[in-house]
Amino acid sequence: QVACEPRPGKLADSAVLSDRPEGGAMDDFMAFEASKRVSESDINVTNSLAGVGIFFQQDSDTNEVFVKTIVTGGSADRSGVIRVSDVVVRVDHDNVEGQPLSTLRSRILGRQGSYVTLGFRRKDGMETTYYDVPLMRGSPEYFDSLKANQPLQDELERFKRQNHQLEQQRQADAQELHRFRTHMEAQRTEFDRKFLSMDDALARKDEEISRLQLENKRLSDHKREAEMTKGDLNKIKESYMDDNRRHEEKEQQRNRYVEELKQKMDDERSRLESQMRKLEVDLRNERRMREESEAREHRLGDESKRREDEVRAKAIKNQEGRQKFETEKKRLQEMQKINENIGGLLREMDPRLGSIEADLFVRDKLSAAAGPSLTTSLSSSSANARRADDGSFFMA
């Protein structure tokens with residue numbers, strides 16, 4: 001069904017297209033509305049026309065034809081793609097934007113069961129999409145009848161396929177018959193020509209008959225040879241069939257061998273995979289042991305490095321100790337030399353000290369006997385003597 005009517009609040013030409021059963025047939029009709037709706041009796045549409053189950057409406061300002069209503073059970077409803085307010089823009093890939101409803105009606109209506117492709121524009125918010133939908137023309141009752149007659153249609157299709165196969169076989173037989181007839185006609189023409197030649201030869205001379213008899217005999221011999229050749233060919237064919245059977249047996253044996261070989265390969269692959277897994281485990285263990293050994297070597301290296309550093313530090317300390325020892329040794333040697341000098345000086349001073357002690361002893365004795373004046377003079381003389389001794393000490 002196809003319908004077109006103005007949007008609410010706008011004045012425009014509109015049209016309604018629908019399918020209505022009447023007396024077991026589908027009658028299409030169209031009604032035009034201006035400011036009011038006219039009766040359906042003003043429209044005459046042939047029984048063979050049908051729509052796609054859509055009521056269209058045209059906008060008077062933009063001349064856009066959009067979907068107003070979708071008929072339940074119609075072709076558009078069965079497609080499940082078309083929505084209300086979708087704008088039709090193409091019919092069978094031809095642009096129909098801005099065209100009148102009469103053009104749209106003539107393009108969409110058609111024979112029931114035929115197809116028409118409609119293109120629509122859909123605006124969803126800010127997004128605009130275009131899509132095409134192939135639709136079968138027909139009313140909901142027509143689709144229901146198609147569904148009810150589906151088993152008969154399937155049986156008819158099977159008969160059509162069988163008929164098509166028989167027709168192909170008939171054509172092949174006809175071609176073979178035509179070929180055979182052509183061959184027989186050629187042979188008949190050839191035989192007629194030979195018979196005419198033989199009649200002419202018989203009319204001319206009897207010797208030609210003998211020659212033809214000899215030729216006939218030769219042909220018989222050729223026929224026997226051909227039969228013998230045919231027998232040989234049959235033998236060759238049987239031999240070829242035997243060879244083919246032997247080849248098939250060999251092929252079967254080869255396939256069995258391939259299957260066995262494949263099984264062996266699978267078993268070997270499983271064994272190798274098991275060995276590989278075992279090797280991977282061993283490799284991981286070996287890698288772990290190597291890492292532990294490297295860690296131990298690293299620790300030993302660090303320990304060896306630390307000990308080498310300690311040895312170097314001890315060697316440096318020993319070197320410094322030796323240097324310090326040498327320095328102390330030199331200093332002791334110098335002090336020993338100084339002590340020796342001091343010892344020499346002391347040995348030189350011993351006699352003088354003895355004389356000084358003797359003088360002091362004498363002085364003490366005299367002071368005790370003579371009194372303080374003598375003590376003062378003796379002290380002066382002792383001081384002079386000590387100064388003299390000091391001067392001789394420093395000069396030495």
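A residue counts as exposed when its relative accessible area is over 50%, as buried under 20%, and as partly exposed in between. Lys-123 has a relative accessibility of 66%, so it is exposed. This model is predicted.

Lys-123 belongs to strand β10, which runs over residues 115-124. Val-87 is 36 residues away from Lys-123 in sequence. In space, the C-alpha atoms of Lys-123 and Val-87 are 8.9 Å apart.

Helix α2 covers residues 101-108. Which of its residues are buried? They include Leu-101, Leu-104, Arg-105 and Ile-108. These four span an arc of only 100 degrees around the axis, so they sit on the same side of α2.

## A nonpolar patch

Tyr-257, Val-258, Leu-261 and Met-265 make up a nonpolar patch on the surface. Together they have about 390 Å² of accessible area. Leu-261 is part of helix α5, residues 207-370. Is Leu-261 buried or partly exposed? Its relative accessible area is 37%, so Leu-261 is partly exposed.

## The largest pocket

Rolling a probe the size of a water molecule over the atoms shows where empty space is left. In this model, the largest pocket holds about 330 Å³ of space. Which helices each supply at least two residues of its lining? They are α4, residues 150-204, and α5. Phe-191, Lys-194, Phe-195, Ser-197, Met-198 and Ala-201 are among the lining residues. The lining also includes Glu-208, Arg-211, Leu-212, Glu-215, Asn-216 and Leu-219.

## Salt bridges

Side chains of opposite charge can pair when their charged atoms come close. How many salt bridges does the structure hold? There are 22. The table gives three of them.

| Pair | N to O distance |
|---|---|
| Asp-94 and Arg-107 | 2.7 Å |
| Arg-245 and Asp-242 | 1.8 Å |
| Asp-266 and Arg-269 | 3.0 Å |

Take the salt bridge between the side chains of Asp-94 and Arg-107. Asp-94 lies in strand β8, residues 94-95, and Arg-107 in helix α2, so this pair ties together parts 13 residues apart in sequence. Asp-94 has a relative accessibility of 38%, so it is partly exposed. Arg-107 is also partly exposed, because its relative accessibility is 26%.

Arg-245 is partly exposed at 42% relative accessibility. Asp-242 is partly exposed too, with a relative accessible area of 30%.

Asp-266 and Arg-269 are likewise three residues apart in α5, so they too are separated by about one helical turn. At 23% relative accessibility, Asp-266 is partly exposed.

Salt bridges can also join into a network. Which residues are linked in this way? Glu-303, Arg-306, Arg-307 and Glu-310 are.

## Positive phi angles

Most residues other than glycine have a negative phi, and most peptide bonds are trans. Asn-63 has a positive phi, near 60 degrees, and is not a glycine. Where is Asn-63 placed? It sits in the loop between β5 (54-58) and β6 (65-70). Its relative accessible area is 36%, so Asn-63 is partly exposed.

Asp-92 is not a glycine either, and its phi is positive at about 55 degrees. Asp-92 is found in the loop between β7 (87-91) and β8. With a relative accessible area of 34%, Asp-92 is partly exposed.

Methods. Residues are numbered from 1 along each chain as its sequence is written. This is a predicted model: local features need pLDDT of at least 70, side-chain atom pairs count only at pLDDT 80 or more; totals for chains, interfaces and linings use all residues. Side-chain values use heavy atoms; hydrogens and water are left out. Patches are made of residues with over 30% relative accessible area and no salt bridge: like charges are joined within 9 Å, nonpolar side chains (Val, Leu, Ile, Met, Phe, Trp, Tyr) within 5 Å. Accessible areas come from the Shrake-Rupley method with a 1.4 Å probe; for residues, only the protein chains shown count as cover. A salt bridge is a side-chain nitrogen of Lys or Arg within 4 Å of a carboxyl oxygen of Asp or Glu. Buried means under 20% relative accessible area, exposed over 50%, partly exposed in between (1.4 Å probe, protein chains only). The arc is that of the directions from the helix axis to the C-beta atoms. On a 1 Å grid over the protein atoms alone, a cavity is a set of points where a 1.4 Å probe fits but cannot get out, and a pocket is an open set with protein on both sides within 12 Å along at least five of seven lines; lining residues have an atom within 4 Å of a point. Grid points are joined across faces, edges and corners, and a volume is the space filled by probe spheres set on the points.
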